[in-house]
Amino acid sequence: MPGVEAGAVYVPGFVSEGRPVAGPDEDAFTLAATAWEGLPPLPAGAPSARTLHLVGSFPRMVDWGFAALLGHPVELVAHPAGLPGLSEALAQVEAASPDGPPQLLLGVQIPERSGPDSEPDLGVGAGAVALRFAAAGSLSRAERSLLREGPDVVSAAKVVLASRGVDPPGPTGHRGLSLGSIRPFVEAPVTAVSEGAYVPRARYLENLPSRWRLVAERCGHCGSLTFPARGVCRSCSAREGLSPHPLPRDGGTVAAVTTIGQGGQPTEFDLQVAALGEYAVALVELAPGVVSTLQVTDASPGEVRIGTRVATRLRRLYPMEGEWRYGRKALPLL
Amino acid sequence: MGAGHTRFGALDEGPRALLRAAVDGAFASVDRGAERAQVGEAFLATLGFGGWQIGNSSAVLGEEAGLAGAPTTRVENACASGGSALRAGVRALEEGRSDLVLVAGLEKMTDLRAPRRRYWLGVSGDTEWERLAGLTFAGVYGLIASAYSARFRSAREAMAEVASKNHENGRRNPNAHFQKAVTREEVLRAPRVAEPLGLLDCCPVSDGAAAVLLARPDRAREFTDTPVFIEGLGAGSDRLAVQERPDVTRFAATRRAAEAAFDDSRMGRSQVSFLEVHDCFTIAELLALEDLGFADPGGAVSMTLSGETRPSGRLPVNPDGGLKAKGHPIGATGVSQVYEIFLQLRAAAGDRQVPGAETALAHNVGGAGATATVSLFRRG
């Protein structure tokens with residue numbers, strides 16, 4: 001049994017040609033979430049991780065965000081950003097009981113700017129890595145040294161994956177955007193307040209299983225799926241015998257699509273439109289008869305049509321009352 | 001037996017002045033006159049756009065209509081508030097305690113800052129899922145239009161024809177917000193708002209008010225020799241979020257409302273002289289023709305392109321310009337449709353008179369089809 005379970009790495013980053021490929025609707029949390037979702041699924045009945053080592057600079061909402069994303073309580077262990085944090089995290093993983101449940105390590109790095117008007121350092125990769133340790137203490141010495149070789153968290157993880165014969169996925173992300181154009185959205189102050197109807201924070205949190213993990217409810221009486229989950233079957237109105245049913249995150253088909261421009265967006269999306277221009281929104285059929293309304297990201301409007309196959313990723317939606325709200329968006333499968 | 005209407009558009013008047021003008025117009029239109037004291041109950045249809053008076057706004061109707069002390073109630077079903085208030089008014093009349101019931105609709109929309117206006121334009125859709133994905137109503141109808149266009153040929157041209165026809169009709173309505181003709185080509189070339197819908201596929205943001213006075217049929221002749229009778233009323237609802245409906249190109253709420261209204265009446269569809277339908281976006285008029293049972297799925301395309309729905313056609317639709325050209329002050333719209341029918345069925349619609357109009361249907365939709373009402377009328 002290898003020490004690191006076939007890990008996943010996600011490297012949207014900023015590439016050296018000066019073309020940004022990290023989504024402007026991404027941050028440390030969404031990058032880490034995407035890396036985690038790239039891990040191979042756990043075998044049925046296998047225990048899930050109860051300890052999560054975080055390497056990098058994360059928004060404060062991770063206090064509850066990762067538990068909501070994983071769907072169960074998790075102990076967070078914060079480490080400093082960069083290689084020192086990675087070393088510290090690895091040392092703690094190795095020191096844990098070999099009989100314990102698997103441990104997760106999520107490392108994120110995003111290029112820093114030296115000042116508000118400077119360009120980020122394009123020579124450094126940006127992105128996130130997720131590593132799942134099947135059991136503590138089983139990381140080989142060689143792997144440990146590879147992980148510490150750097151020059152940064154994501155590159156080090158890629159080296160380890162390569163040594164295990166795992167190909168890290170290549171960069172993916174936005175096309176046709178200039179770096180300058182995305183800065184206002186990336187750095188926008190999170191001060192927007194509601195001007196009327198809005199989703200209170202408590203309702204947002206209540207909806208997270210459906211919104212973040214695409215959890216529908218299957219009815220034990222009539223077998224139909226209800227999404228979003230509401231504690232009542234929408235076909236037969238049963239309130240008992242409903243069980244959580246995760247919908248596929250990586251396979252959906254566009255049933256209808258529109259492009260919002262010319263000031264047609266709700267005000268919550270003003271920052272995004274100012275930074276990026278128009279965007280597409282689609283009705284995506286996630287399973288037969290189960291549809292979700294999803295904004296399209298990582299693609300130019302017009303690229304997604306009725307019938308296009310899409311995957312879904314966690315992204316920032318809009319700022320509200322001091323924090324970013326997150327939810328899934330659709331991106332075309334190439 | 002009475003109906004009043006303000007101009008629709010970007011108006012200087014505030015909500016109170018608009019209500020007063022519409023109600024005064026309704027009283028002035030009663031041939032043998034009616035007293036304010038005869039009004040036993042009043043209903044105000046309004047969304048409360050912008051928040052100028054979200055709670056208890058029906059008391060403002062009581063004040064402005066001079067109905068000292070009469071019971072007043074606000075009815076809110078988003079864009080279907082007017083049609084819903086009409087039903088409430090008829091029910092109140094049937095209770096038997098009122099000589100007259102007043103139903104008024106109002107919205108004041110243009111005095112807000114643009115961002116606040118956009119915020120309010122989406123509050124009647126599904127907030128948690130549609131809005132968080134970045135949709136206002138234009139976007140939701142854009143999704144519907146994309147699915148409809150993928151299914152039926154020439155749908156985009158038919159949408160453009162809806163706009164062109166309703167703008168042409170609006171030119172003959174002095175109350176209409178838009179008085180300017182547009183060609184199909186101009187509609188198709190207009191800036192996109194929510195692909196495939198462009199600026200000229202969307203109804204404008206308008207101020208305005210309308211009011212009607214209702215009396216029991218057996219007493220109508222005390223007030224006029226030419227009453228208009230309500231022949232049938234129906235209403236329906238559907239899931240709020242479009243994503244939860246099995247087919248986004250059908251409005252089940254409209255279908256239920258239409259079935260209920262025809263069941264309630266002695267009329268059949270072939271007897272209807274003209275339609276007032278809810279064309280907040282051009283695609284909505286096509287859906288309405290199908291869901292109301294005047295065309296098969298997809299059949300609204302050829303019906304529209306062949307000119308059948310023009311004033312000279314077999315079944316004129318929206319002779320007053322519809323929401324598209326007349327304007328759409330949200331709460332006022334459903335009452336405004338009844339005002340138009342009142343004029344038409346009394347042969348008082350002037351330049352835009354539908355020749356020989358005997359009967360009419362009014363169709364009012366809340367949001368993107370979450371609620372709907374259908375009402376049938378007959379000349380007295």
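This is a predicted model: local features need pLDDT of at least 70, side-chain atom pairs count only at pLDDT 80 or more; totals for chains, interfaces and linings use all residues.
Reader: How is an interface described, and how many residues of chain B are in contact with chain A?

Author: The size of an interface is often given as the accessible area lost when the parts come together. Here the description is by residues: 35 residues of chain B are in contact with 34 residues of chain A. On the chain B side, at least two residues each come from helix H4 (114-121), helix H5 (127-131), helix H6 (137-151) and strand E5 (192-194). The greatest share is that of H6(B), which supplies 8 residues. By class, this side of chain B consists of 18 nonpolar, 9 polar and 8 charged residues.

Reader: What should I look for in a nonpolar core, and which residues touch the most other members of the largest one?

Author: In soluble globular proteins, nonpolar side chains tend to be buried together. The largest nonpolar core in this model has 189 residues, and those touching the most other members are Ala282(A), Ala104(B) and Tyr141(B). If you follow Tyr141(B) and set aside its neighbours within four places in sequence, you find it in contact with Ala194(B), Leu197(B), Phe281(B), Ile283(B), Ala284(B) and Ala368(B).

Reader: When two helices pack against each other, how do I read the crossing, and at roughly what angle do H1 and H2 of chain B cross?

Author: One reads the distance between the axes, the angle, and then the residues that meet. The axes of helix H1 (residues 15-28) and helix H2 (residues 58-65) of chain B come within 9 Å and cross at roughly 55 degrees. H1(B) brings Arg16(B), Leu19(B), Arg20(B) and Val23(B) to the contact, while H2(B) brings Val60(B), Leu61(B), Glu64(B) and Ala65(B). Sorted by class, these are 5 nonpolar, no polar and 3 charged residues.

Reader: And which residues of H3(B) and H13(B) meet?

Author: The axes of helix H3 (residues 81-94) and helix H13 (residues 330-345) of chain B come within 6 Å and cross at roughly 60 degrees, which makes H3(B) oblique to H13(B). From H3(B), the residues Ser81(B), Gly82(B), Gly83(B), Ala85(B) and Leu86(B) meet Ile330(B), Gly331(B), Ala332(B), Thr333(B), Gly334(B), Val335(B) and Val338(B) of H13(B). This contact has 6 nonpolar, 6 polar and no charged residues.

Reader: Is Glu276(B) buried or exposed?

Author: The count of surrounding C-beta atoms decides, and 20 or more within 10 Å make a residue buried. Glu276(B), in strand E9 (residues 274-276) of chain B, counts as buried because it has 29 C-beta neighbours inside 10 Å. Not counting residues up to four places away in sequence, Glu276(B) touches Asn318(B), Gln337(B), Glu340(B), Ile341(B), Ala360(B), Ala362(B) and His363(B). Its C-alpha atom is separated by 9.3 Å from that of Gly321(B), 45 residues apart along the chain.

Reader: How should I read backbone angles, and where does a cis peptide bond join Glu195(B) to another residue?

Author: Most residues other than glycine have a negative phi, and most peptide bonds are trans. In chain B, a cis peptide bond joins Glu195(B) and Pro196(B), with omega about 5 degrees, and Pro196(B) lies in the loop between E5 and strand E6 (197-198). In chain A, Phe227(A) and Pro228(A) are joined by a cis peptide bond with omega about -5 degrees.

Reader: What is phi near in Asn318(B), and in Ala347(B)?

Author: Asn318(B) has a positive phi, near 60 degrees; this residue sits in the loop between helix H11 (299-305) and helix H12 (322-326) of chain B and is buried, with 29 other C-beta atoms within 10 Å. Ala347(B) also has a positive phi, near 55 degrees. The loop between H13 and strand E10 (359-366) of chain B contains Ala347(B), which counts as partly exposed with 14 C-beta neighbours inside 10 Å.

Note on methods: Residues are numbered from 1 along each chain as its sequence is written. Chains are lettered from A and ligands numbered from 1 in the order in which they are written. Two residues are in contact if their C-beta atoms, placed from the backbone, lie within 7 Å. Helices (H or I, at least four residues) and strands (E, at least two) are DSSP runs, numbered from the N terminus. Ala, Val, Leu, Ile, Met, Phe, Trp, Tyr, Cys and Pro count as nonpolar, Asp, Glu, Lys and Arg as charged, and the others, Gly among them, as polar. A nonpolar core is a set of buried Ala, Val, Leu, Ile, Met, Phe, Trp, Tyr and Cys residues joined through C-beta atoms within 7 Å. A residue is buried if 20 or more other C-beta atoms lie within 10 Å of its own, exposed if 12 or fewer, and partly exposed in between; C-beta atoms are placed from the backbone. Axes are lines fitted to C-alpha atoms, for helices over the stretch in contact, and angles run from 0 to 180 degrees between N-to-C directions. Angles under 35 degrees count as roughly parallel, over 145 as roughly antiparallel, 65 to 115 as roughly perpendicular and the rest as oblique.
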